[in-house]
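I opened this model to look up its pockets, the contact between its chains and its salt bridges. My entries follow in the order in which I looked.

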Amino acid sequence: MSQQVGVVTFPGSNGDHDAWNAFANDLGVPTRMVDYRETDLDGIAVVVVPGGFSYGDYLRCGAIARFAPVMNAVREFAQRGGPVLGICNGFQVLTEAHLLPGALLRNESLRFHCDWIHVKVENRSFWTSDVEVGDILRLPIAHGDGSYFADDETIARLESNGQVIFRYCDANGAVLDNANPNGSRRAIAGIANEGRNVVGLMPHPERATDPLVGGADGRRIVTAALSALQVAV
Amino acid sequence: MSNAWVAEVVVMPKAGVNDPQGEAILGGLHDLGYRAVSRVRAGKQFRVEIDAENEAAARNAIAEMSDRVLANPVIEVYEIESLTPLTGAGAER
């Protein structure tokens, strides 16, 4: 059975084709779109929950997508240790689905931010296996609700377990308030579950896999998928 | 026998959760001269019509869906402000 990257598409996803392009074209790995109504992930070795505005972001970002039929399969896949990457709205969906702790609030500025920012790699995870802790990546963001929030206890647990994977920083790696685009607690841009196989982040690595679009640092995130595809084949 | 009920559920950001919408509204009120306003928190209100055998069953169902869907317990609290039999024009279905 061929092993593929599966990119989940909800009504209102708009980063799904960018993700498909990053994996299928830039990485050249077998990739298929997974419709939100599908109920099994046979043949899928890597799951990507893409960015966008699933279900119009109604109620709360990701709140309705969480109940889409495909999410039961995604939950089982994640619980078996399968690698899952939630990007932007995908991150919001994974928190609403309780696959990752915390929530994403409205940006502190109340503005939608569309920009290039820097993040520092803080800890190991499946999705940071091709970068080093301490590396600084330049990635695009495009979100209105990206302010990471969790209660004090959860933040302390994430920090002590090394589940904070990406933190907003300046070009030199300094974590400063003015390098935090949305008011996220502890400048958190991305986190992992305890198993380190599920990662969610607000920046868009899949939109930075080709120098032609202004940067290719995201390629160093998405290439992690190759190891799962090789092992699984 | 099934009856129709209507619930008003109010969802608010938890204490300690940043609410930039509320702060922006507070700033706007101050700009308009309402200097006495000291704090604004912005939430959501839902009006849910539901068929249930009795008030207790309706309340249980509303509480469950509020926990699961209408509010995110990580960042929000909810209150069932009212639960009343659905009567009048809205009841004709």
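**Entry 1: the largest pocket**

I am working with a predicted model. I began with the largest pocket, which holds about 490 Å³ of space. I listed its lining and got 26 residues. Closest to the centre are A:Arg60, B:Gln21, B:Lys44, B:Ile75 and B:Glu76.

I then sorted the lining of the largest pocket by class: 12 residues are nonpolar, 6 are polar and 8 are charged.

**Entry 2: the second largest pocket**

I moved on to the second largest pocket, with about 240 Å³ of space. I found 15 residues in its lining. Nearest its centre lie A:Leu41, A:Ile44, A:Ala45, A:Phe77 and A:Arg80. In chain A, β3 (44-49), α2 (70-79) and α6 (225-232) are the elements that give two or more residues to this lining.

Which element gives the most to the lining of the second largest pocket? I found that it is α2(A), with 3 residues. By class I noted 8 nonpolar, 3 polar and 4 charged residues in the lining of this second largest pocket.

**Entry 3: chain A against chain B**

I turned to the interface. I found 13 residues of chain A in contact with 16 residues of chain B. The size of an interface is often given as the accessible area lost when the parts come together. For chain A and chain B I noted a buried area of about 1300 Å². Carbon and sulfur atoms give 65% of that area.

Which three residues supply more than any other three of the area that chain A buries against chain B? They are A:Leu59, A:Arg60 and A:Phe149, with 38%.

I then checked for charge pairs across the interface of chain A and chain B, and the rule finds 1 salt bridge. In a salt bridge, the side chain of A:Arg60 meets that of B:Glu76, at 3.6 Å from N to O. I also counted 6 residue pairs in polar contact between chain A and chain B. The side of chain A that touches chain B has 6 nonpolar, 2 polar and 5 charged residues.

I noted A:Arg60 again here: this residue is also among the closest to the centre of the largest pocket. B:Glu76 is on that list too.

**Entry 4: salt bridges overall**

I searched the whole structure and got 16 salt bridges over all chains. One of them joins A:Arg167 and A:Glu122, with the closest N and O atoms 2.4 Å apart. Why note this pair? A:Arg167 lies in strand β9 (residues 164-169) of chain A and A:Glu122 in the loop between β6 (113-121) and β7 (136-143), so the pair ties together parts that are 45 residues apart in sequence.

**Entry 5: B:Val40**

Last, I looked up B:Val40. I placed this residue in the loop between α1 and β2 (44-52) of chain B. From B:Val40 to B:Pro20 I noted 20 residues in sequence and 9.8 Å in space, C-alpha to C-alpha. Leaving out residues up to four places away in sequence, B:Val40 touches B:Asp19, B:Gly22, B:Glu23, B:Ile25, B:Leu26 and B:Leu29.

Definitions and conventions
Residues are numbered from 1 along each chain as its sequence is written. Chains are lettered from A and ligands numbered from 1 in the order in which they are written. This is a predicted model: local features need pLDDT of at least 70, side-chain atom pairs count only at pLDDT 80 or more; totals for chains, interfaces and linings use all residues. Side-chain values use heavy atoms; hydrogens and water are left out. On a 1 Å grid over the protein atoms alone, a cavity is a set of points where a 1.4 Å probe fits but cannot get out, and a pocket is an open set with protein on both sides within 12 Å along at least five of seven lines; lining residues have an atom within 4 Å of a point. Grid points are joined across faces, edges and corners, and a volume is the space filled by probe spheres set on the points. Ala, Val, Leu, Ile, Met, Phe, Trp, Tyr, Cys and Pro count as nonpolar, Asp, Glu, Lys and Arg as charged, and the others, Gly among them, as polar. Helices (H or I, at least four residues) and strands (E, at least two) are DSSP runs, numbered from the N terminus. Contact means heavy atoms within 4.5 Å. Buried area is the accessible area (1.4 Å probe) that two parts lose on being put together, summed over both. A salt bridge is a side-chain nitrogen of Lys or Arg within 4 Å of a carboxyl oxygen of Asp or Glu. A polar contact is a pair of N or O atoms within 3.5 Å; within protein, one must be able to donate a hydrogen and the other to accept it, and residues adjacent in sequence count only if both atoms are side-chain atoms.
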